Amino acid sequence: MYRDKRIQALKPKTFLVYQCCMLESAGQESFKLPADAALRDYGISHGTFQRAMKELRNAGSDLLYAAQLAGEV
């Protein structure tokens with residue numbers, strides 16, 4: 001499904017946050033997904049959200065945008 005090895009290596013909860021980010025971004029390079037919106041809209045706790053965002057940043061700052069350009073989401 002996802003060709004990028006960085007995406008394949010994500011932990012399950014991080015992958016969930018990744019997918020939520022993709023939905024929120026709506027194809028834009030820049031977007032905001034506050035932790036309270038993640039809890040309200042997707043049921044992701046604040047701690048889980050913070051850990052997942054840290055893992056996504058460590059995986060590569062271009063990870064979300066690259067997947068959009070490749071049409072993987």
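This is a short tour of one chain, stop by stop, for use with the viewer open.

**Whole chain**

Start with everything selected. The model is predicted. Show it as a cartoon and look for five helices and zero strands. From one end of the sequence to the other, the pattern reads α-α-α-α-α.

Now switch to a surface. The chain exposes about 4800 Å². Carbon and sulfur atoms supply 54% of that area. Of the 73 residues, 37% count as buried.

Next, think about how the chain meets itself. Take the contacts with a separation of 6 or more: 62% of them come from residues 24 or more positions apart.

**Helices α2 and α4**

Select residues 12–25, which form helix α2, and residues 46–59, which form helix α4. At what angle do the axes of α2 and α4 cross? They cross at roughly 85° and come within 9 Å. An angle from 65 to 115 degrees counts as roughly perpendicular, so α2 is roughly perpendicular to α4.

Show the side chains at this crossing. From α2, pick K13, T14, V17, Y18 and C21. From α4, pick T48, F49, A52, M53, E55 and L56. Colour them by type. The residues of this contact divide into seven nonpolar, two polar and two charged.

Is E55 buried or exposed? E55 is buried, with a relative accessible area of 19%. The cut-off for buried is under 20%.

Look at what surrounds E55. Leaving out residues up to four places away in sequence, E55 touches A9, L10, K11 and T14. T14 is also one of the α2 residues in the contact with α4. For a distance check, pick the C-alpha atoms of E55 and F15. These two residues are 40 apart along the chain, yet their C-alpha atoms are separated by 9.8 Å.

Move along helix α4 to A59. A59 is partly exposed, at 22% relative accessible area. Apart from residues up to four places away in sequence, A59 touches R6 and L10.

Then draw a line from A59 to K5, C-alpha to C-alpha. The gap is 9.9 Å, although 54 residues separate the pair along the chain.

**The cysteines**

How many disulfides does the structure hold? The count is zero. The sulfur of C20 has its closest cysteine sulfur in C21, but the 7.0 Å between them is too far for a bond. A disulfide would need the two sulfur atoms within 2.5 Å. C21, too, is in no disulfide.

C20 has 4% relative accessibility and counts as buried. C21 has 1% and counts as buried as well. C21 also belongs to the α2 side of the contact with α4.

**E24, the last stop**

Finish on helix α2 with E24. E24 is partly exposed, with a relative accessible area of 31%.

Which residues does E24 contact, leaving aside its neighbours within four places in sequence? They are F31, K32, L33, D41 and Y42. Select those five together with E24 to see the set. A38 and E24 are 14 residues apart along the chain, and their C-alpha atoms are separated by 9.9 Å.

Terms used: Residues are numbered from 1 along each chain as its sequence is written. This is a predicted model: local features need pLDDT of at least 70, side-chain atom pairs count only at pLDDT 80 or more; totals for chains, interfaces and linings use all residues. Side-chain values use heavy atoms; hydrogens and water are left out. Buried means under 20% relative accessible area, exposed over 50%, partly exposed in between (1.4 Å probe, protein chains only). Axes are lines fitted to C-alpha atoms, for helices over the stretch in contact, and angles run from 0 to 180 degrees between N-to-C directions. Helices (H or I, at least four residues) and strands (E, at least two) are DSSP runs, numbered from the N terminus. Angles under 35 degrees count as roughly parallel, over 145 as roughly antiparallel, 65 to 115 as roughly perpendicular and the rest as oblique. Contact means heavy atoms within 4.5 Å. Ala, Val, Leu, Ile, Met, Phe, Trp, Tyr, Cys and Pro count as nonpolar, Asp, Glu, Lys and Arg as charged, and the others, Gly among them, as polar. Accessible areas come from the Shrake-Rupley method with a 1.4 Å probe; for residues, only the protein chains shown count as cover.
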